[in-house]
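Thank you all for coming.

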Amino acid sequence: MAVNDNRAEGLPCSTACHVRARIVTVEEENYRTRTFTTDLHWPHARPGQFAMVWLPGVNERPLSLLSHTPVRFTVAAVGPFTRALHHLQPGDALWVRGPYGRGFPITGRYMVMVAGGYGVAPLHFLAQEARQTGCHITVIVGARTRRDVLFVERFTALGVPLLITTDDGSYGRRGTVADALADVIRGSHPVDAVYACGPAPMLEAVNRLCKAARVPAYLSWEGIMRCGMGICGTCARGAWLVCRDGPVAYPEDDSSTSINAGGIASASHTSRLPR
Ligand SMILES: Cc1cc2nc3c(=O)[nH]c(=O)nc-3n(C[C@H](O)[C@H](O)[C@H](O)COP(=O)(O)OP(=O)(O)OC[C@H]3O[C@@H](n4cnc5c(N)ncnc54)[C@H](O)[C@@H]3O)c2cc1C
Ligand code: FES
């Protein structure tokens with residue numbers, strides 16, 4: 001992949017090749033998750049889109065955008081790349097290209113957002129944008145246990161109703177985000193759309209519920225990526241490329257791809273998202 005080659009295919013440089021960014025701040029979110037604010041500004045980026053972040057000598061990985069101005073990432077340290085990222089301090093450099101992929105649309109008047117693990121980041125970005133359009137939003141955040149719960153203060157500061165679930169009941173309601181979502185869908189307020197990002201089993205449960213209730217679901221799936229821009233085919237699920245056609249699957253994708261018939265869903269079991 002070219003570095004700083006402004007001539008590439010008429011695309012803005014950061015889309016076609018890496019740009020150098022500096023870390024401005026690092027914030028602890030929980031025992032293994034940090035938020036990195038960079039000095040990049042991508043005002044055209046949409047919630048649900050991602051960047052390919054490169055640490056020379058380590059690796060390159062996809063990371064969702066927490067915001068576009070400035071570009072921020074929320075990262076769980078789970079392996080060599082993410083652990084190396086966690087060693088970066090304000091002033092350190094990293095290389096970034098993007099934004100890539102199809103993000104979340106803002107649709108309807110009542111949106112419910114369901115997040116597990118780092119899925120809080122793109123959904124916080126979406127909630128922030130959707131609030132400006134006057135949408136009513138409920139956010140459901142799930143985790144295994146209290147210490148895994150993310151973004152309570154960030155969502156509270158947005159002023160949106162927040163439901164928290166933990167598997168062991170150590171924080172919020174005991175159970176899964178799907179239990180909480182079922183109650184919200186059964187509630188008095190008709191839900192126009194559900195947005196979800198998190199581990200594959202969580203997305204599958206959300207998808208089943210939404211299908212049964214006939215509520216459109218926009219689900220952000222994980223995939224192993226190399227180019228991140230629809231060239232190499234590494235992330236292919238049938239004809240559907242997670243990096244280019246997703247990572248957000250729209251309800252209308254369902255019949256035209258094999259997403260929910262064992263395509264993306266079953267492939268996603270091979271990549272584990274943090275909870
Ligand atoms: C579109 C997209 C957006 C993403 N956005 C984010 C984001 O905003 N923040 C973020 O932290 N991650 C995000 N990820 C996941 C991130 O790219 C992976 O966590 C990353 O690949 C891990 O790289 P690594 O080298 O640290 O670990 P790897 O070497 O890839 O993995 C090390 C070990 O951890 C396991 N593993 C890998 N990923 C995870 C995980 N997420 N949870 C638990 N175990 C895991 C692997 O199976 C392996 O055993 C995103 C992925 C995609 C496809
Ligand atoms: S990662 Fe290369 S086509 Fe998707």
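Among contacts in the chain between residues at least 6 apart in sequence, what percentage join residues at least 24 apart? The value is 60%, where two residues are in contact if their C-beta atoms, placed from the backbone, lie within 7 Å.

Before going further, please keep in mind that this is a predicted model, in which local features need pLDDT of at least 70 and side-chain atom pairs count only at pLDDT 80 or more, while totals for chains, interfaces and linings use all residues. Residues are numbered from 1 along each chain as its sequence is written, and chains are lettered from A and ligands numbered from 1 in the order in which they are written.

Let me begin with the overall picture. The chain holds eight helices and 16 strands, and these are DSSP runs numbered from the N terminus, with helices being H or I of at least four residues and strands being E of at least two. Of its 275 residues, 46% count as buried; a residue is buried if 20 or more other C-beta atoms lie within 10 Å of its own, exposed if 12 or fewer, and partly exposed in between, with the C-beta atoms placed from the backbone.

Next, the sheet. Seven strands form an open sheet in the order β4-β3-β7-β1-β2-β6-β5, with antiparallel pairing, and strands are said to pair if DSSP finds at least two bridges between them. Because β4 and β5 (67-68) stand at the edges with a single partner strand each, one side of each is left without a neighbour in the sheet.

Now let us turn to strand β12 (residues 193-197), where five of five residues are buried. Ala193, Tyr195 and Cys197 point one way, whereas Val194 and Ala196 point the other way. β12 runs parallel to strand β8 (residues 110-116), to which five bridges join it, and Met113 stands opposite Tyr195. β12 also pairs in the parallel sense with strand β13 (residues 217-220), over four bridges, and there Ala196 has Leu219 as its bridge partner.

Some of these residues return in the largest nonpolar core, which has 73 residues; such a core is a set of buried Ala, Val, Leu, Ile, Met, Phe, Trp, Tyr and Cys residues joined through C-beta atoms within 7 Å. Among the residues that touch the most other members are Met113, Val194, Tyr195 and Val206. The core draws at least three residues from each of domain 1 (8-100) and domain 2 (110-268), the bounds coming from an automatic or database domain assignment. Leaving aside neighbours within four places in sequence, Val206 is in contact with residues including Val114, Val194, Ala196 and Leu219.

Finally, a few single residues. Pro122 lies in helix α3 (residues 120-131), and it counts as buried because 27 other C-beta atoms lie within 10 Å. Are they buried or exposed? Phe151 is buried, because it has 26 C-beta neighbours inside 10 Å, whereas Arg214, with 8 such neighbours, is exposed.
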